[in-house]
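Colleague: Can you walk me through the ligand site and the pockets? Keep it quick.

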Amino acid sequence: MTKIALFASGSGSNVQAIAEAVAAGKVPAEIAMLVCDKPGAYVLERAEALGIPVFAFQPRQYESKEAFETEIVGRLKKAGVEFVFLAGYMRLIGPVLLNAYRNRIVNIHPSLLPAFPGKDAIGQAFDAGVKISGVTVHFVDEGMDTGPIIDQECVRIDSGMTRGDVQKAIQRIEHNLYPNVITKLLNGFREEQTQ
Ligand code: GRF
């Protein structure tokens, strides 16, 4: 089974969805580690309940991003992690992680990129009054939500929907789309390896 790591900073509903899909045998992976940069985050409670090993750290206790990413890479390699999936990890990935996992780091973003990159994409779309938004899964590069797009799905924002309604609709899509994309990527990876 391919070992993967999930990175999250917040509530972790995507972590939960991926872990449930793994447990149901829908995603051919073992979640070898959850990396979290916010020691009080709710995702840590979820990880404990799900039995996922955790590395939680305080970025400010390191002298630089290079320093904490070096520690993360060491732990990922030791655990045999082959792919990294960001699920609400609120931090730009630096060169140390990018070079160690080139084309192996994937992110999910709650808009149809390249529209509304960065923080509060749902609020940005809502405030702009767009009628279609959605979810993007993409490879991570050094930019903010700029890497090559792997898949997207759209959500209609009908008049009368609140921001909370839009968020719920987006999350419903995320919780299906991300496990599906992970499965396709890992199946492709395994085929490549057996050729
Ligand atoms: C998701 O909307 C994801 O697209 C974005 O951050 C949010 C994380 O939500 N990158 P959760 O912590 O998985 O509930």
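Modeller: Start with Gly12: one of its polar backbone atoms is 2.7 Å from an oxygen atom of the ligand. That counts as a polar contact, a pair of N or O atoms within 3.5 Å; within protein, one must be able to donate a hydrogen and the other to accept it, and residues adjacent in sequence count only if both atoms are side-chain atoms. This is a predicted model, where local features need pLDDT of at least 70, side-chain atom pairs count only at pLDDT 80 or more, and totals for chains, interfaces and linings use all residues. Residues are numbered from 1 along each chain as its sequence is written, and side-chain values use heavy atoms, with hydrogens and water left out.

Colleague: What does the side chain of Ser13 do with the ligand?

Modeller: An N or O atom in the Ser13 side chain is 2.6 Å from an oxygen atom of the ligand.

Colleague: How much of the ligand does the protein cover?

Modeller: 84% of the 360 Å² of accessible area that the ligand has on its own. Areas come from the Shrake-Rupley method with a 1.4 Å probe; for residues, only the protein chains shown count as cover.

Colleague: Which residues surround the ligand?

Modeller: Ser11, Gly12, Ser13, Asn14, Gly88, Ile108, His109, Pro110, Gln171 and Glu174. Each has a heavy atom within 4 Å of the ligand. By class, that shell has 2 nonpolar, 7 polar and 1 charged residues. Ala, Val, Leu, Ile, Met, Phe, Trp, Tyr, Cys and Pro count as nonpolar, Asp, Glu, Lys and Arg as charged, and the others, Gly among them, as polar.

Colleague: Where does the ligand sit?

Modeller: In the largest pocket. Sitting there means more than half of its atoms lie within 2 Å of the pocket's grid points. A pocket, on a 1 Å grid over the protein atoms alone, is an open set of points where a 1.4 Å probe fits, with protein on both sides within 12 Å along at least five of seven lines; lining residues have an atom within 4 Å of a point. α1 (13-23), β5 (105-109) and α6 (163-194) each give two or more residues to the shell around the ligand. Helices (H or I, at least four residues) and strands (E, at least two) are DSSP runs, numbered from the N terminus.

Colleague: How much space is in the largest pocket, and what lines it?

Modeller: About 830 Å³. There are 37 lining residues, with Gly88, Tyr89, Met90, Ile108 and Pro110 nearest the centre. α6 gives the most, with 5 residues. The lining has 15 nonpolar, 15 polar and 7 charged residues.

Colleague: What about the second largest pocket?

Modeller: About 150 Å³ of space there. Its lining includes Ala17, Glu20, His175 and Asn176. α6 gives the most here too, with 5 residues.

Colleague: Switching to the backbone: is the Leu113 to Pro114 peptide bond cis or trans?

Modeller: Cis, with omega near 10 degrees. Pro114 is in the loop between β5 and α5 (121-128).

Colleague: And what is phi of Asn103?

Modeller: Near 60 degrees, a positive value in a residue other than glycine. Asn103 is in the loop between α4 (95-100) and β5.

Note on methods: Grid points are joined across faces, edges and corners, and a volume is the space filled by probe spheres set on the points.
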